Amino acid sequence: MAITLNNGFKMPSIGLGVWRMEGKDIRNLIINAIKLGYRHFDCAADYKNEGEVGEALAEAFQTGLVKRDDLFITTKLWNSDHGHVLEACKDSLKKLQLDYLDLYLVHFPIATKHTGVGTTSSALDEDGVLDIDVTISLETTWHSMEDLVSKGLVRSIGISNYDIYLTRDCLAYAKVKPAVNQIETHPYFQRESLVKFCQKHGVCVTAHTPLGGSVANTEWFGSVSCLDDPILKGLGEKYKKSVAQVVLRWGIQRNTIVIPKSSKVERLEENIKISDFELSNEDMDLIKSIDRKARTNQPAVFWGIDLFA
Ligand SMILES: NC(=O)c1ccc[n+]([C@@H]2O[C@H](COP(=O)([O-])OP(=O)(O)OC[C@H]3O[C@@H](n4cnc5c(N)ncnc54)[C@H](OP(=O)(O)O)[C@@H]3O)[C@@H](O)[C@H]2O)c1
């Protein structure tokens, strides 16, 4: 399963997200994921594990497990590097041991004080407020992203955590249109208007936090996990699938890409086995009815500023 992006490149519909994956576990998880059929990996400079991911990928290529062209690798520009896009991209490429990226995303629509490429600090000011660099517009950042395409360093560029207004603005100033907007969306945070807006304008939506972050986000942010929802549990019983499989299948059927993270090999297998069943229209509508319009991931917890207020 794959979605064709607005520039003709194909993006596998299921990817493995590597945020909060421990460096020591990464080799085993990536190699096993490739063996299980994963061809898409979602990384970021801010996850501070590009080096370990790069080593695992290099091993997979050297041992002939997979060819570079058969993988789709995404990574992201951190907030403090908006004024240093070329260096940041080259730093990620070096750590990932790649000579091109399939997709490079602006991680958040916010530029903070530069603290050195690869440092990805949060840059809280002395007053506890995020030190936003007001001299760099998102348009300037985007044109630097476009230069990466012409240099052959990245195949596609995109945005992440952009709302409708910022996405619309990006479409207006872009010479190279964003191929993807990666946003938090799952049954408890469906964001139908943003998803439909992006899709109507040829911007593919990647659902980050596609399982609602499960227990990880309950622990980190106190959020409620959709995996405990009684209606979704009922659908799991009906289709003889786990709740996670139902949730990911729903994501695929609304034409979004899903990038669940797991540090357990048995769950990697469970999460990719979703092509052998289809949710009925009636059940897709039923899932629509459980939306709580609730974000589970709150960057404000780290940043001292609520980007989404
Ligand atoms: N662009 C952005 O700003 C942004 C923000 C957040 C995330 N992301 C991307 O999205 C990816 C996924 O997000 P996420 O990790 O926050 O949330 P998620 O994938 O929705 O949920 C991960 C949580 O679900 C658990 N889990 C995984 N498979 C499961 C299953 N089959 N049954 C029950 N629990 C399961 C994991 O635990 P175990 O590991 O113990 O299995 C972990 O606690 C990230 O890795 C990252 O690549 C991007």
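I count two strands as paired if DSSP finds at least two bridges between them. Strands (E, at least two residues) and helices (H or I, at least four) are DSSP runs, which I number from the N terminus.

**Entry 1. Basis.** I am working from a predicted model, in which local features need pLDDT of at least 70 and side-chain atom pairs count only at pLDDT 80 or more, while totals for chains, interfaces and linings use all residues. I number residues from 1 along each chain as its sequence is written.

Entry 2. I looked up the strand order and found an open sheet of eight strands, 3-4-5-6-7-8-9-10, with parallel pairing. Strand 3 (16-17) and strand 10 (257-258) are at the edges; each has a single partner strand, so one side of each lacks a neighbour in the sheet.

**Entry 3. Strand 7.** I next followed strand 7 (residues 154-160). Its pairing with strand 6 (residues 101-106) is parallel and has five bridges; Val106 is opposite Ile159 of strand 7. With strand 8 (residues 180-184), strand 7 pairs in the parallel sense over two bridges, and here Ile159 is opposite Asn181. I call a residue buried if 20 or more other C-beta atoms lie within 10 Å of its own, exposed if 12 or fewer, and partly exposed in between, with C-beta atoms placed from the backbone. By that count, six of the seven residues of strand 7 are buried.

**Entry 4. Strand 9.** Is strand 9 (residues 204-208) enclosed or open? I found five of its five residues buried, so strand 9 is largely enclosed by the rest of the structure. Cys204, Thr206 and His208 are buried on one side, and Val205 and Ala207 on the other. Strand 9 pairs with strand 8 in the parallel sense over five bridges, with Gln182 opposite Thr206. Strand 9 also pairs with strand 10 in the parallel sense, over two bridges. The partner of Thr206 in strand 10 is Ile257.

**Entry 5. Crossovers.** I take a crossover as right-handed if, with the strands pointing away from the viewer, the path from the first strand over the helix to the second runs clockwise. Strand 7, helix 5 (residues 164-173) and strand 8 form a right-handed β-α-β unit. Strand 8, helix 6 (residues 192-200) and strand 9 form a right-handed β-α-β unit as well.

**Entry 6. Helix 3.** The 12 residues should span 16 Å, and the end C-alpha atoms are 16 Å apart, which agrees. Its buried residues are Val85, Ala88, Cys89, Ser92, Leu93, Lys95 and Leu96.

Entry 7. Of the 31 residues around the ligand, Gly17, Leu211, Ser214, Ala244 and Lys261 come nearest. Helix 7 (214-221) and helix 10 (265-272) are the elements that give two or more residues to this shell.

**Entry 8. Ile290.** I located Ile290 in the loop between helix 11 (281-288) and helix 12 (300-303). Ile290 is partly exposed, with 14 other C-beta atoms within 10 Å.

Technical notes
A residue is near a molecule or strand if its C-beta atom, placed from the backbone, lies within 6 Å of it. The expected span of a helix is 1.5 Å times one less than its number of residues.
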